[in-house]
Amino acid sequence: MKGRKILAQPLASFALLMLAGCETYSEEPTDIATDYLIENGLVYDGSGTAPRIADIALRADRIVFIGDATEGQFADATVIDATDLIVAPGFIDPHTHADNQLTSSDPQERQNKAYAFQGVTTVLVGNDGHGRTEISKMAAQVRQEPIGTNVAYLAGFGYIRKTVIGEDDRAPTEAESSRMKDMMTRAMCEGAVGLSAGLYYTPQNFARTAEVIELAKISGQQGGYYDTHLRDESSYNIGLTGAVNEAIEIGAQSGAALHISHIKALGPAVWGQSDEIISLVNAAREKGQKITADQYPWAASGTRISNALVPRWALDGGLSGLRARLGNVATLNRIKGEMADNLERRGGADKLLITGALGDADVEIGRTLADHAVQQRSDPLDVAVDILKTGDARVASFNMNTDDILAFAKQEWVVTGSDGSTGHPRKYASFPKAYRDFVVDGKLMSLSRFIRRSSGQTADIVGLKDRGYLKVGMAADIIVFDSESFTPRATYEQSRLLSTGVQHLFVNGQPVIRDGQSTGALPGRPLLKETQC
């Protein structure tokens, strides 16, 4: 600690800092009662600026000091030696499907280790339009059955529509539209950070643009944002560019900031369109519209057989409606004809790896759809139909081009996200893989930029006022990691291997990882948006 310039932010200045809204430094460090002192780490504060060697003191759930601590200044603190390690704000994942883990009756599951070992301290749930609107109830459950990481909630367009209308392909009545708005308003008033939609998926796919705008307006009026899985990421219906234009229109007409989930060009038909999409977004941003996106660094997406191959009209009424249609020879042939086109969009049966069985589907995990067809001496489409007659199956769909991935990755408005779901390594390894691909191996961005796109910038998008940065007074969500060993281990064959390299991870001032090992602590909190209701 000696020999460095003293640059301190004492707790006594906390109130002034909050009032002034900016950092203030004192040349004379003040003794402060603390719980932990992280010493000698290379500190990246989440703003994208150059790092510096500094010490960070924590008291309860807050950062109370950043600077050059003097000998004995924090004698009561437990010392974490961060020499030769990176110290950064805990990462924030804007797109996860961690709902099941966080609501599990098993405390081991609620530790959310898949994300913690990537350095993630806050996850967003409710993405793709699936988010429930009972925000207060979900937050209360977290307080009663604690979790390992923080969680913030998106209200789901799909959940709202399905609750009010069901799975039918029709527009809402005036009374139904009013009820949908009431549900959205309630969610925002209870602390949701915004509205999510998955317009590719049924029954959301049945909604017209204007219907989505009406709910997105409520999010925008309450200071929330609109998070969307695009209506088309390929050439299924309106095309990738058409879907991006629709999303931009929804953002513009509703007044809500637009966030595009897991931005990609999915399938050979749209490879190379990243440049056009980037131009569309940049043009709208230059006009003053708030638009951002997140991205995972994998060449394969994760979805289901039904989502990847079945035409949307055949899912009117859900899987039960589909199965009734499969029992009619004429309708079955029509469905299979369109499934053939969709299989081509996905790059063929050898590009669909089965990663999980759903329902009563009799399917072997770890083999492609093409493998199953060979084994059964059948056609891939017949295999897919047989799966859908009794259940469904999760698949990793290898359908992205490296050039598009890199083109999106280097945009200043793109942040890191996992879209983490069961059976895909992205749930366990997206942040370290992005670090390896974009910083270490690809030299596409600096470590400062990677940390910013994984912490502070995401906090700004979501509206988390006291997360994402290392500043006095901010929540003590902190990652301490080894730049050499921060590495993904999960693969498509072994998707649940924890990542390595995170030496220490603090959530609300409590260590959930210590010396590379889980502590079993459950200090996570529901992060609710301040309501204007």
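**A disulfide and a parallel sheet**

The torsion about the S-S bond of Cys-189 and Cys-533 is about -85°, so the disulfide (a pair of cysteine sulfur atoms within 2.5 Å) is left-handed. Cys-189 belongs to helix H7 (residues 174-189), while Cys-533 sits in the segment after strand S20 (517-518), so the pair ties together parts that are 344 residues apart in sequence. Helices (H or I, at least four residues) and strands (E, at least two) are DSSP runs, numbered from the N terminus.

The model is predicted: local features need pLDDT of at least 70, side-chain atom pairs count only at pLDDT 80 or more, and totals for chains, interfaces and linings use all residues. Residues are numbered from 1 along each chain as its sequence is written, and side-chain values use heavy atoms, with hydrogens and water left out.

The S to S distance between Cys-189 and Cys-533 is 1.7 Å. A search of the whole structure finds 1 disulfide. Cys-189 is partly exposed, at 25% relative accessibility. Cys-533 is exposed, at 56%. Here buried means under 20% relative accessible area, exposed over 50%, and partly exposed in between (1.4 Å probe, protein chains only).

An open sheet holds 8 strands with parallel pairing, in the order S6-S7-S8-S9-S10-S11-S12-S16. Two strands pair if DSSP finds at least two bridges between them. Strand S6 (91-93) and strand S16 (414-416) are the edge strands, and each pairs on one side only. Strands of a sheet pair through backbone hydrogen bonds, either parallel or antiparallel. Strand S10 (residues 225-229) and strand S11 (residues 257-260) run parallel and are joined by 4 bridges. Tyr-226 has Leu-258 in S11 as its bridge partner.
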